[in-house]
Amino acid sequence: MDKSILVFGTLFAATMAGIFSLFSLINNKEQKVSEFRQAWIDGLRNEIATIVASLYYISYYYSTRTQQNPAKADDIEESHKEYVKSCTSILTRINAQDPDDALREKNQAFLDSLNNIQNAFNANRYSDAAKLSKNLIDDSKPLLKAEWERVKAGEKSYRRTKWLAGGLSVFGAIVALIFLIANYKLTGSFAVEKLTS
């Protein structure tokens with residue numbers, strides 16, 4: 001058997017193994033990014049739920065206060081802290097300048113809803129703030145869906161390497177077939193013999 005065919009086959013196999021190792025590294029990294037995105041989605045949902053729950057509690061609390069039973073700051077201190085913390089967390093999560101135009105619009109609509117709530121809350125219109133939380137929930141749905149679609153599809157580099165790996169697999173199969181055919185023509189057999197010195 002021609003030694004050059006065996007050398008070529010060995011080099012080709014080593015190159016393909018190296019390429020697929022690189023793809024594996026890229027895909028592992030992109031998998032981590034997708035996991036972080038999923039954690040981001042879950043975190044945003046929790047923050048929205050905390051804001052809504054706090055607003056409804058504070059609104060209800062103030063609506064039940066009377067002159068005989070006046071409001072006390074201590075009664076709502078915890079809910080107020082949770083509201084402020086969740087609003088701040090959301091403001092640090094949402095990118096109003098996202099490079100994706102469609103996502104930037106969704107982000108801005110969501111942030112506008114949050115801003116309306118904050119304005120009502122700061123003006124001590126707690127009932128209005130609680131009612132506005134419905135808009136916050138409604139505006140969060142397209143944003144969360146867009147992020148979920150991004151997680152489902154995978155990161156761009158993951159999608160590219162997936163297609164490239166498929167193409168290289170087909171290419172590798174064709175080269176292996178050519179290698180076997182060349183070996184058959186030289187030896188009359190598909191068996192690859194060991195190199196002998």
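The views below show a predicted model.

**View 1. Packing of helix 2 against helix 3.** Two packed helices are described by the angle between their axes and the distance between the axes. Helix 2 (residues 73–93) and helix 3 (residues 101–122) meet at an angle of about 150°, and their axes are 11 Å apart. The two helices, helix 2 and helix 3, are therefore roughly antiparallel to each other. Their crossing is left-handed. Helix 2 contributes His80, Tyr83, Cys87, Ile90 and Leu91 to the contact, while helix 3 contributes Phe110, Leu111, Leu114, Ile117, Gln118 and Phe121. Of the residues in this contact between helix 2 and helix 3, nine are nonpolar, two are polar and none is charged.

**View 2. Aromatic pairs.** The whole structure contains five aromatic pairs. The ring centres of tyrosine 61 and tyrosine 62 lie 5.5 Å apart with the planes at 80°, so this pair is edge-to-face. Tyrosine 61 is buried, at 5% relative accessible area, whereas tyrosine 62 is partly exposed, at 31%. The rings of phenylalanine 121 and tyrosine 126 also form an edge-to-face pair, because their centres are 5.1 Å apart and their planes stand at 75°. Phenylalanine 121 is buried, with 5% relative accessibility, and tyrosine 126 is buried, with 14%. Ring pairs join Tyr57, Tyr61, Tyr62, Tyr83, Phe121 and Tyr126 into a cluster.

**View 3. Surroundings of glutamate 147.** Glutamate 147 belongs to helix 4 (residues 126–153). With a relative accessibility of 7%, glutamate 147 counts as buried. Apart from neighbours within four places in sequence, glutamate 147 contacts Arg37, Trp40, Ile41 and Leu103.

Definitions and conventions. Residues are numbered from 1 along each chain as its sequence is written. This is a predicted model: local features need pLDDT of at least 70, side-chain atom pairs count only at pLDDT 80 or more; totals for chains, interfaces and linings use all residues. Side-chain values use heavy atoms; hydrogens and water are left out. Helices (H or I, at least four residues) and strands (E, at least two) are DSSP runs, numbered from the N terminus. Buried means under 20% relative accessible area, exposed over 50%, partly exposed in between (1.4 Å probe, protein chains only). Contact means heavy atoms within 4.5 Å. Axes are lines fitted to C-alpha atoms, for helices over the stretch in contact, and angles run from 0 to 180 degrees between N-to-C directions. Angles under 35 degrees count as roughly parallel, over 145 as roughly antiparallel, 65 to 115 as roughly perpendicular and the rest as oblique. A crossing is left-handed if the near helix is turned anticlockwise from the far one by less than a right angle, and right-handed if clockwise. Ala, Val, Leu, Ile, Met, Phe, Trp, Tyr, Cys and Pro count as nonpolar, Asp, Glu, Lys and Arg as charged, and the others, Gly among them, as polar. Rings of Phe, Tyr and Trp (its six-membered ring) pair if their centres lie within 6.5 Å; planes under 30 degrees apart count as stacked, over 60 as edge-to-face and the rest as tilted.
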